[in-house]
Amino acid sequence: MIRRISNWLKQNKHAWLALYLPIYLIGFFWVESYVPSDSNYWVSYTPLDDLIPFVEYFVIPYYLWYPFMVVTGLYLLFHDAPAFSRYMIAIAVSFTASILFFALFPNGQNLRPAVFERDNIFTRMMGLIYAADTNTNVLPSIHVIGSALVVFALFDTKCFKARRFAWMKAGAVLLAILITLATVFVKQHSVLDIYAGLIACIPLYFLIYNKKMRAWTDRTFGKPAAGKPAAA
């Protein structure tokens with residue numbers, strides 16, 4: 001079993017990029033402790049935030065962010081190595097930059113309701129999020145950045161180029177929008193955090209999905225055609 005896994009990793013070197021995930025988690029929880037909820041952080045806020053009500057039902061798309069990113073990554077891992085490599089590099093660059101920004105510019109928001117007006121499964125789910133994730137380190141929103149990266153990856157992969165997959169891409173865009181809206185409706189983020197996340201995605205897209213990067217990832221992580229030797 002171990003030999004089979006070892007052989008698979010040798011043949012699929014793009015899989016090693018997934019090792020960034022535990023590194024990110026360590027960095028995220030470190031910065032959460034570095035910028036605690038009772039620290040003197042810069043407050044992310046716009047007047048528009050006061051007009052947005054707390055809607056607990058948006059906890060569903062907020063939670064869907066996790067399988068949205070993981071399922072996309074797993075599919076690309078086994079079906080499109082170059083697209084997976086671009087996806088993981090985009091995640092590594094953006095998430096690491098966000099953690100560094102949190103550490104250098106501590107920020108947070110004071111928008112969470114003191115108590116929930118209703119007691120139901122949705123508010124209980126939201127309570128779990130509040131307990132696990134503090135109200136600090138919110139700008140830019142990693143939920144927004146991650147959702148955009150999934151959309152980039154699904155439009156990038158060769159697996160869904162056919163027109164019959166247009167519904168899937170449209171569904172991904174719709175879910176990304178719902179997740180983005182959820183960040184403010186569950187009072188986990190300010191509108192300002194959304195703006196920052198979307199703005200950060202613009203240079204990130206051109207950095208990862210330009211012709212030179214595509215050519216490099218295709219050459220480095222792509223598998224040679226049957227009967228052709230790998231490039232030296």
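Which residues do ring pairs link into a cluster? In this predicted model, ring pairs join Tyr20, Tyr24, Phe28, Phe29 and Phe95 into a cluster. Rings of Phe, Tyr and Trp (its six-membered ring) are taken as a pair if their centres lie within 6.5 Å, and a pair is called stacked with planes under 30 degrees apart, edge-to-face over 60 and tilted for the rest. Residues are numbered from 1 along each chain as its sequence is written, and side-chain values use heavy atoms, with hydrogens and water left out. Because the model is predicted, local features need pLDDT of at least 70 and side-chain atom pairs count only at pLDDT 80 or more, while totals for chains, interfaces and linings use all residues.

The search of the whole structure gave 19 aromatic pairs. In the pair of tryptophan 42 and phenylalanine 105, the ring centres are 5.5 Å apart and the planes stand at 40°, so the pair is tilted. Tryptophan 42 belongs to strand 1 (residues 42-43) and phenylalanine 105 to the loop between helix 4 and strand 2 (107-108), so this pair ties together parts that are 63 residues apart in sequence. Helices (H or I, at least four residues) and strands (E, at least two) are DSSP runs, numbered from the N terminus. Tryptophan 42 is partly exposed at 38% relative accessibility, and phenylalanine 105 is partly exposed at 31%; buried means under 20% relative accessible area, exposed over 50% and partly exposed in between (1.4 Å probe, protein chains only). Phenylalanine 152 and tyrosine 209 form an edge-to-face pair, with 6.1 Å from centre to centre and 75° between the planes. This pair links distant parts of the chain, 57 residues apart, with phenylalanine 152 in helix 6 and tyrosine 209 in the loop between helix 8 and helix 9 (211-221). Tyrosine 209 is buried, its relative accessible area being 6%.

The largest nonpolar core was examined next. A nonpolar core is a set of buried Ala, Val, Leu, Ile, Met, Phe, Trp, Tyr and Cys residues joined through side-chain atoms within 4.5 Å. The largest has 43 residues, of which Tyr24, Phe68, Met69, Tyr87, Ile91, Phe95 and Leu149 touch the most other members. Two or more residues of this core come from each of helix 2, helix 3, helix 4, helix 6, helix 7 (166-185) and helix 8 (191-208). Helix 4 gives the most, with 11 residues. A second, separate core has 15 residues, among them Ile52, Phe58, Tyr130 and Phe185. Apart from residues up to four places away in sequence, leucine 149 touches Tyr87, Ala90, Ile91, Ser94 and Leu204, where contact means heavy atoms within 4.5 Å.

Isoleucine 145 lies in helix 6 and is buried, with 1% relative accessibility. Beyond its neighbours within four places in sequence, isoleucine 145 contacts Ser94, Phe95, Ser98, Pro140, Gly197, Ala200 and Cys201. Threonine 123, in helix 5, is buried at 3% relative accessibility. With neighbours within four places again left aside, the contacts of threonine 123 are Phe54, Glu56, Phe116 and Arg118.

The largest pocket holds about 720 Å³ of space. On a 1 Å grid over the protein atoms alone, a cavity is a set of points where a 1.4 Å probe fits but cannot get out, whereas a pocket is an open set with protein on both sides within 12 Å along at least five of seven lines; lining residues have an atom within 4 Å of a point. Grid points are joined across faces, edges and corners, and the volume is the space filled by probe spheres set on the points. The lining has 32 residues, and Tyr24, Leu25, Trp65, Tyr66 and Phe95 lie nearest the centre of the pocket. Helix 2 (20-34), helix 3 (59-79), helix 4 (81-104), helix 5 (121-132) and helix 6 (142-156) each give two or more residues to this lining. Helix 3 gives the most, with eight residues. By type, the lining divides into 24 nonpolar, seven polar and one charged (Ala, Val, Leu, Ile, Met, Phe, Trp, Tyr, Cys and Pro count as nonpolar, Asp, Glu, Lys and Arg as charged, and the others, Gly among them, as polar).

The loop between helix 5 and helix 6 holds proline 140, which a cis peptide bond with omega of about 0° joins to leucine 139.
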